[in-house]
Amino acid sequence: MRVTDLQRCEIRPGRLVEWALHPAAVAAASALPDDERPPAYVQESHLRTSLSIRRDGLFVPTWLGTAFDLPGRVDLDVLEAALHTWTLRHETLRSGFRWAGDEVRRFTLAPQAVALDRRDVGHFADPNTLTRYLRDRFDVAADALTWPNFLFAAVVRDDGASVYMAFDHSNVDAYSLHRIAAEIHELYTAGLTGRPADETPAASYIDFCAAERSDADLIDDGHEIVDRWREFIARCDGRLPNFPVDLGLDPDGPLPRQKLLREPLVDAEHAAGFEAYCRPYGGSLVGVLAATALAAHEISGLDVYRTVVPFHTRAASRWQDSVGWYVGGAPVEIPVSATTDFDGALDLARATLRRNRQLSRMPLARVLSLLGADFRPTSPDLYSIVSYVDTRATPGSERWQEQKAYALIRVSYGDQVCVWVTRLHEGLQFAARYPDTDIAYKNLRRCVERVRELVVSAARERMPVGHAP
């Protein structure tokens, strides 16, 4: 699923319809007792970061979402039933947080109390006006510090509808977004044809949060994982890493606006060749990190490339179909000045991933609390990431182009560079949020072009003779 923002996901005119959690359900939630299952460390960190930035006087939307098309004249009653069934399937969507002093506590609405409230907003003839409306609406409805924190919408036309779904990040990760289009299509088609739909609840992310937190609370500041992060942060001059090229940032200035850079990296043929070349070293993720490290070295002259790589934490099969924020981060260090070629960088990237990947199973927020350092968040991104996800095995992924399916990110403010490289059936896609400065754009542009050159060069080594351009 291509990563993009609302401005680039082919929004077309039509009649806009919205579904929010019904006011009666919201009122019922306000009287609920606390849920004994605590928030995940990543959720609590997200809430505290949002609150800290809000108290600094800046509203920074950070929601995630998805967009996809439904074909033919759409039955809104059937679509509403599909959305309701899907919401019930994933417990995290009916669970929220409230503050008790400085403590974050969870509450969870009972399934029978969940109802959706449909609102016909009206017809939009201009796609730009519609895009701005949806962006502003999602900013408010999918805010980290309010509940409910999700909203569904459909732009209805005679020949079909485009569905847009936005969530606060505390509810979803990339894997969650990738599965939504197929699940809603399946439920909607079942409703249209009158056949029974699968209404089995998925494994609860809230149960995962409780189990993960219980395990994380067993470690202390002398644990090996804490020591490893302590050493990594010390080598980063006491900070978590940003993208190591000049971004043109004013250290005393306000949090800068961000922009999105999004484009195809290589086509399917080159992506397959690149994967084949990198396979002996551990696969395309290793290749992406090696290429990025070499590019950053050539631009900035750095000796060691450092970043954080996100990994999903769905270690048990029961969590595979569950919507939630199943993500941890691993520190990566590539002493890129020690090599002169791509193969050498691959060896170094493989070594750091083998050494550090297991660290992603321990929530970083727990580690930072044990380090006792002052990591007061002033930006929604605590560090720069380079993410790689292969989506080809995701149910329904072969239809994403036909369905105009996208994973949506909100681009607003931030001083970090966050990179997502996605393997699609059509090839490799690159997307990044970066500070909106001329220097940041120039250096990120140089980085992307160099990464592309390295990917293409490696791919040609494994492509059949006569196929490489």
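**View 1. The buried residues of helix H7 in the predicted model are Ile225, Val226, Arg228, Trp229, Phe232 and Ile233.** They cover an arc of only 160° around the axis, which places them on the same side of H7. As this is a predicted model, the features described here rest on a prediction. The partners of these buried H7 residues are strand E10 (305-312), strand E11 (327-334), helix H10 (342-356) and helix H11 (364-371), against which they pack.

**View 2. Helix H7 comprises twelve residues, 224-235.** At 1.5 Å a residue, H7 should span 16 Å; the C-alpha atoms at its ends lie 17 Å apart, which agrees with that expectation. Just after H7, Asp237 adopts a positive phi of about 65°.

**View 3. Strands E10 and E11 run antiparallel and are joined by eight bridges.** Within this pairing, Tyr305 stands opposite Ile334 in E11. Strand E11 is mostly covered, with seven of its eight residues buried. Both E10 and E11 are among the elements against which the buried residues of H7 pack.

**View 4. Arg450 is located in helix H13, residues 438-460.** The relative accessible area of Arg450 is 26%, so this residue counts as partly exposed, the range between buried, under 20%, and exposed, over 50%. Leaving aside residues up to four places away in sequence, Arg450 touches Ala295 and Glu298. Arg450 and Ala338 are separated by 112 residues in sequence, and their C-alpha atoms are 19 Å apart in space.

Key
Residues are numbered from 1 along each chain as its sequence is written. This is a predicted model: local features need pLDDT of at least 70, side-chain atom pairs count only at pLDDT 80 or more; totals for chains, interfaces and linings use all residues. Side-chain values use heavy atoms; hydrogens and water are left out. Helices (H or I, at least four residues) and strands (E, at least two) are DSSP runs, numbered from the N terminus. The expected span of a helix is 1.5 Å times one less than its number of residues. Buried means under 20% relative accessible area, exposed over 50%, partly exposed in between (1.4 Å probe, protein chains only). The arc is that of the directions from the helix axis to the C-beta atoms. Contact means heavy atoms within 4.5 Å. Two strands pair if DSSP finds at least two bridges between them.
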